[in-house]
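Here's a quick briefing to read alongside the model.

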Amino acid sequence: MPRTAARVLLRDTASEPIDDAVVLWFPGPASATGEDVAEFHVHGGRAVLASVFAELSAIENVRPAEPGEFTRRAFENGKLDLTEAEGLDDLIHADTDRQRRQALRQLRGLLGDRARDWRAQIIEAQALIEAGIDFSDEGDVPAELIAPVLVRIKTLLGEIQSVLGAGGRSERLRDGLVVAIAGPPNVGKSTLMNQLARREVAIVSPHAGTTRDVIEVQLDLDGYPVTVIDTAGIRETDDPVEQEGVRRARNRAAEADLVLWLADAEGEQIAPASSAPVWLVRNKIDLEISAVTSGQSMGVREFRISARHGDGLGELVAAMIVFAQDYFGTSEGGLISRERQRRLLRETAESLQRSVEMIGSGEELAAEDLRRAAYSLGRLLGRVDVEDILDVIFRDFCIGK
């Protein structure tokens, strides 16, 4: 029976039993891909899987699926649009709960539904303008058609510009926040990294220059994705390998969204030039005679910690969470999660703006700009001229998805 789970004994071609399994049958087009789909729910032992794969592969024209092939077939058969496919890809790769919720909204058509509605309204406006052109010899008929079209286009333009003005917060949530731990050698950068990661990810040594390359760890701070980078100690050195590590450390610190500049409790506090905020983190306060609380130092936010014993780390982590909240903003209602989507919406808005400017002086050109706007939204949804990007999107999916 279609869409009914059946418990069956799977056998090989020699009638030898393979596994006690559950099998379901989904005839197309009422399936995930729009095609006939059979599902085998088997036990996960290697011998079971090897036998099942061997038997299926022996069937003519049966082969293993390519990465993302099922999702691509669903897209090609109209079961989901490209924004929903991108949302599914983001859902697969979501590391935090906030990323998961954002990806699920995209998968459910948060952007796609709006884009389809915008596109339908643009096509209707284009038809009205063209009708006005066709009836231009009928006195006031064109004016009666053009006036409401202009209002509609301006409304659509305002909606799309509002989406574009969200500041890229959804894209930020998808990519995550980058925090670089930098500073001179032997101030405890690797120890702080291990404390934040709650595991040994960096070698801790009393010898300067131990960290030669950039070490990264992914953290989940209150649902926000954060990549923390432990860099080589920044100092002058004649060691060519350490020189390369220092160069990479400077580059990553310059590219980070937040820099934690580590220094000894009473040591030098000169941080590198960076376009990102720099926090001065004074380590080894357990070695001080009298501890000083965190606050501001020469206009730079300052924290006092003991990376070895954990003193002051709670305050530092809490401040990082607040920074992440401000950095990502309120992304719950964000529609755009990828640069591709932003670029095509920007093209749509530009075409609509040109159309507004041309109405009244060149209806033919206004209609052409509306056609371009509808075309851009069609590309956003994946319904026109997207073959060049399909392979790029679906190659990141897992096998069999």
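First off, this is a predicted model. The protein chain has 13 helices and 10 strands. Of its 401 residues, 43% are buried. As for contacts between residues at least 6 apart in sequence, 58% of them join residues at least 24 apart.

- Three strands make up an open sheet, ordered β1-β2-β3, and the pairing is antiparallel.
- β1 (6-11) and β3 (37-41) sit at the edges with a single partner strand each, so one side of each has no neighbour in the sheet.
- Going from one strand to the next, the twist averages 40 degrees.
- Strand β2 (residues 17-26) pairs with β3 over five bridges, in the antiparallel sense.
- Helix α1 (residues 46-57) lies across β1 and β2, and it runs at about 60 degrees to β2.

**The α3/α4 pair**

- Helix α3 (residues 82-92) packs against helix α4 (residues 97-107) at an angle of about 155 degrees, and their axes are 7 Å apart.
- That angle makes α3 roughly antiparallel to α4, since the cut-off for that label is over 145 degrees.
- The crossing of α3 past α4 is left-handed.
- On the α3 side, the contact uses Thr83, Glu84, Gly87, Leu88, Asp90 and Leu91.
- Those α3 residues meet Arg100, Ala103, Leu104, Gln106 and Leu107 in α4.
- Sorted by class, the contact of α3 with α4 has five nonpolar, three polar and three charged residues.
- α3 is largely enclosed by the rest of the structure, because nine of its 11 residues are buried.
- The buried residues of α3 are Leu82, Thr83, Glu84, Ala85, Glu86, Gly87, Leu88, Asp89 and Asp90.

**The α11/α12 pair**

- Helix α11 (residues 339-358) and helix α12 (residues 363-381) pack with their axes 8 Å apart, at an angle of about 165 degrees.
- α11 and α12 are therefore roughly antiparallel to each other.
- Here, too, there's a handedness to note: α11 passes α12 in a left-handed crossing.
- α11 brings Arg340, Gln341, Arg343, Leu344, Leu345, Glu347, Thr348, Ser351, Leu352, Arg354, Ser355 and Met358 to the contact.
- Facing them in α12 are Glu363, Leu365, Ala366, Asp369, Leu370, Arg372, Ala373, Ser376, Leu377, Arg379 and Leu380.
- By class, the contact of α11 with α12 divides into 10 nonpolar, five polar and eight charged residues.

- Val317 lies in helix α10 (residues 313-328).
- Its relative accessibility is 24%, so Val317 counts as partly exposed; the cut-off for buried is under 20%.
- Leaving out residues up to four places away in sequence, Val317 touches Leu196 and Leu221.
- Val317 and Leu221 are 96 residues apart in sequence, yet their C-alpha atoms are 8.2 Å apart in space.

Terms used. Residues numbered from 1 in each chain as written. Predicted model: local features only at pLDDT ≥ 70, side-chain atom pairs only at ≥ 80, totals over all residues. Heavy atoms only, no water. Pairing = 2+ DSSP bridges. Helix = DSSP H or I, 4+ residues; strand = E, 2+ residues; numbered from the N terminus. Axes fitted to C-alpha atoms, helices over the stretch in contact; angles between N-to-C directions. Contact = heavy atoms within 4.5 Å. Parallel < 35°, antiparallel > 145°, perpendicular 65-115°, else oblique. Left-handed = near helix turned anticlockwise from the far one by under 90°. Nonpolar A, V, L, I, M, F, W, Y, C, P; charged D, E, K, R; others polar. Buried < 20%, exposed > 50% of the residue type's maximum accessible area, 1.4 Å probe, protein only.
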